[in-house]
Every structure is written in structure tokens, then in C-alpha cells.
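Hi,

Here is the structure I said I would pass on.

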Amino acid sequence: MPSWNELLTQQAAPLTTTQLAVGFVAPITDLGLIALDGEDSANFLHTQLTNDVEHLGQGEARLAGYCSPKGRLLASFLMWRNESTIFLQLARDIQPAIQKRLSMFVLRAKTKLSDASELPANHVVLGLGGGLAETTLQTWFDTLPAKPFAKLDHPLGTLIRVADVFGAPRYQWLMSAETAATVVPELADKLSVGSNDAWHLSEIHAGVAHISKATQEQFVPQMINYELLGGVNFKKGCYPGQEIVARSQYLGKLKRRTTLVSIPDATAAAGMEVFATADPEQPCGMIVNAAPNGEGGVDALVEMKLAAIEAASVRLGSAQGTALSFLAMPYVLEPLDL
């Protein structure tokens, strides 16, 4: 009988959005986890991140950004806590540098940062979604998180409901390898099995952008729609870049957003520039995240000028490159051109 990790790696073909909508399970393998322990952890993070950490409850998760003094995102997080620890989930390729940078500012605060990615309780991270995921999870959970960004701690691990997509809930389930060995065979029997790319495709269609090494210091939070997703609290105190983020919000100087597209080019990737045909001499935006769509190309979240989104004539790499097909976003893009 195949082991749990063999079951989750045996399917090489990318899943389509149709398969995701029906029901899927996928290992999440490229995200790291920073843990903060100590009585000053919440207060320390509250002075560093774009969102409220001091009032983060044990039954919820929140998005948050970490900015440079110029207001540009160095990292994006999904954060949650238990009784003693606050966790920051982020792209694994930037985790060591971000963890080191945050540690530099701890000073006398009573908190300690550590890599929690390989702790037994977090050893396996599965992403689940689509119409069949909820019923499948009820095999092990009597109750499920009732709304997006709600969290449940359970003997079988931590279950976090993230942004919905395709009209159905999505979840991250953090668990031990022993739990995975028990639950994965049944999950693989009832749901389409995808790769790490399948999870990112679902994130892209949920409109949730993530900062990786390829896109660090490229965007203020509103450029990737973070305040629309609850990732920015404009009532909290200061944090690095706060003045610029607030000015972008209230003075209406930001005229860029992130939108959903499909690109019939499998090489399209985060950090690549896009060009509007109406203004071919300079890029109008940049790919934030991209994932194979099961149809030979990628679906992507692309940050670009609002004028380019409205005109919807944008190409990859140059004004003569592959055309982007614009797809409907799962939420309304509120322009900041007040």
C-alpha cells in the first residue's frame, strides 16, 4: 500500500480549475513557518506588521504584510496563534532572511523567533477545497471553521479555513506525519489529488497574492489588494512603512491593482513584467503569482495599472508578447484614484 507522501506525489498532471471546484487535496510544500514565543510576542509583531496582532484571537487567522521603510512588501503572512505561540506562514524562499530581519528588531522584547516548519505538529501541511472537501473533512471533525479565516485546534492538528473559491470553502490542515498516514488514503480516495501547484492555483483564483523572493519590495500592500482581504489595519499604531501605506489609502495616489488572468505560456512566472499595447515602451505591471492551469498555460495574479486593467490589452514580456486573457476576480477591485 502506498505511503501518505507517495499518494500525494503520484499524480503529475496539473489539476484544472474544474477539478479544484469539485474537490481536491494537495500537499503544501513551499511555505515556511516562523514561531514567536514569549510574553511580548504580540506587542512586538504589532509594531512590525500591517495588521492588528494584539487582538488576534486563538480561533482566527489573519493576513498581514511586513514592509520596508518605503512601504514596499518584504513578506506576506498568514498568521495565527495558540495559547503560547504566534505563527507566521510565509514563502519558504524568504523565510530565513525575514526571520533574521525580524529578530534584529526584537531588542529587549521578551520574544524568541524560531523555525517551526519541521515541528512534529506542523510537519505535513495539506490544502483542501472544492465542493467535496467539507463533507470529507467531517469524517474527522465534528465541527468545521464557520467562516473564512477562522481556525480550529483539534487532536488531529490545526485546521484553518482560508479564503473561499469556486463557491466553496478552502482549508489548510497542519498535522503530524502520523496523522497524515491515517487520513491521506481516505482523502486521496474521495478527492482529486494535486501537487503544490494545485494549492497555489486555488489561491490565485481566490485572489490572494503572496510575496516571494521574486517580488520582494515591488508593491505596497494595496497594489496586491491586501486591504480588500483584511490584511491591513488602518487604525493600528505605527509599523515600518505605515506612513506611505496610509498616504496611498487616504490621498488616493495609488492607481494600481492586482487582477486575475490566464496566460497560454507555461513559462510565465512571478516577477515577469507585462506591457499594455497602448503604451508599449514601459511595463504596466508584474506577475505576482502564477501556477499551471492544467490547460498548457498558467493562471496568474498580475499587478498592473488600473488603466491597463480597464483596457484589457496586455501582453507578457513585451507589447508583442503572449496576450493575457482577463478573468473575473472573486471580489470587487475598488480603485484608489479618489
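Let me start with helix H6, where the buried residues pack against helix H1 (4-7), strand E1 (24-27), strand E7 (124-129), helix H5 (133-137), strand E10 (168-175) and strand E11 (192-193). Packing here goes by contact, meaning heavy atoms within 4.5 Å. Helices (H or I, at least four residues) and strands (E, at least two) are DSSP runs, numbered from the N terminus.

Before the rest, some ground rules: this is a predicted model, so local features need pLDDT of at least 70 and side-chain atom pairs count only at pLDDT 80 or more, while totals for chains, interfaces and linings use all residues. Residues are numbered from 1 along each chain as its sequence is written, and side-chain values use heavy atoms, with hydrogens and water left out.

Back to H6. The buried residues in question are Thr179, Ala180, Val183, Val184, Leu187 and Ala188. Buried means under 20% relative accessible area, exposed is over 50%, and partly exposed is in between (1.4 Å probe, protein chains only). H6 covers residues 177-190, 14 residues in total, and reaches 20 Å from first C-alpha to last, close to the 20 Å expected at 1.5 Å a residue. That expected span is 1.5 Å times one less than the number of residues. There is also a kink of about 40° at Val183, shortly before the proline Pro185; the bend is the angle between axes fitted to the seven residues ending at a residue and the seven starting there.

**The five-stranded sheet**

This one is open, with the order E3-E4-E5-E2-E6 and antiparallel pairing. Strands E3 (61-67) and E6 (112-115) are at the edges with a single partner strand each, so one side of each is left without a neighbour in the sheet. On average, neighbouring strands of this sheet are turned by 30° against each other, direction ignored. For pairing, DSSP has to find at least two bridges between two strands.

E3 and strand E4 (residues 73-81) run antiparallel and are joined by seven bridges. Ala61, in strand E3, stands opposite Trp80 in E4. Those two are 19 residues apart in sequence and 4.6 Å apart in space, C-alpha to C-alpha. Ala61 counts as buried at 3% relative accessibility. Not counting residues up to four places away in sequence, Ala61 touches Leu78, Met79, Trp80, Phe149 and Ile160.

Ile160 turns up again in E9, as the bridge partner of Lys151. E8 (residues 151-154) and E9 (residues 157-165) pair in the antiparallel sense over four bridges, and they form a hairpin with two residues between them.

Thr85 is in strand E5 (residues 85-91) and is buried, with a relative accessible area of 6%. What does the side chain of Thr85 make a polar contact with? The side chain of Asp37, at 2.4 Å. A polar contact is a pair of N or O atoms within 3.5 Å; within protein, one must be able to donate a hydrogen and the other to accept it, and residues adjacent in sequence count only if both atoms are side-chain atoms. Leaving aside neighbours within four places in sequence, Thr85 is in contact with Ala35, Leu36, Asp37 and Trp80.

Helix H4 (residues 95-104) lies across strand E2 (31-37), E3, E4, E5 and E6, at about 170° to E6. Axes are lines fitted to C-alpha atoms, for helices over the stretch in contact, and angles run from 0 to 180 degrees between N-to-C directions. In the loop between E5 and H4 you will find Ile94, buried at a relative accessible area of 2%. Beyond four places in sequence, Ile94 touches Leu74, Ala75, Ile211, Ser212, Lys213 and Gln216.

**The six-stranded sheet**

This sheet is open too, in the order E16-E13-E14-E15-E12-E17 with antiparallel pairing. E16 (314-316) and E17 (325-326) are its edge strands, each with a single partner, so one side of each is left without a neighbour in the sheet.

E12 is mostly covered, with seven of its eight residues buried. Eight bridges join E12 to E15, including Thr258 with Glu303, and two join E12 to E17, where Ser262 has Ser325 as its bridge partner. Seven bridges link E14 (residues 285-292) and E15 (residues 298-305), with Asn289 partnered by Leu301. Helix H7 (residues 196-205) lies across E12 (256-263), E14 and E15, running at about 135° to E14.

Cheers
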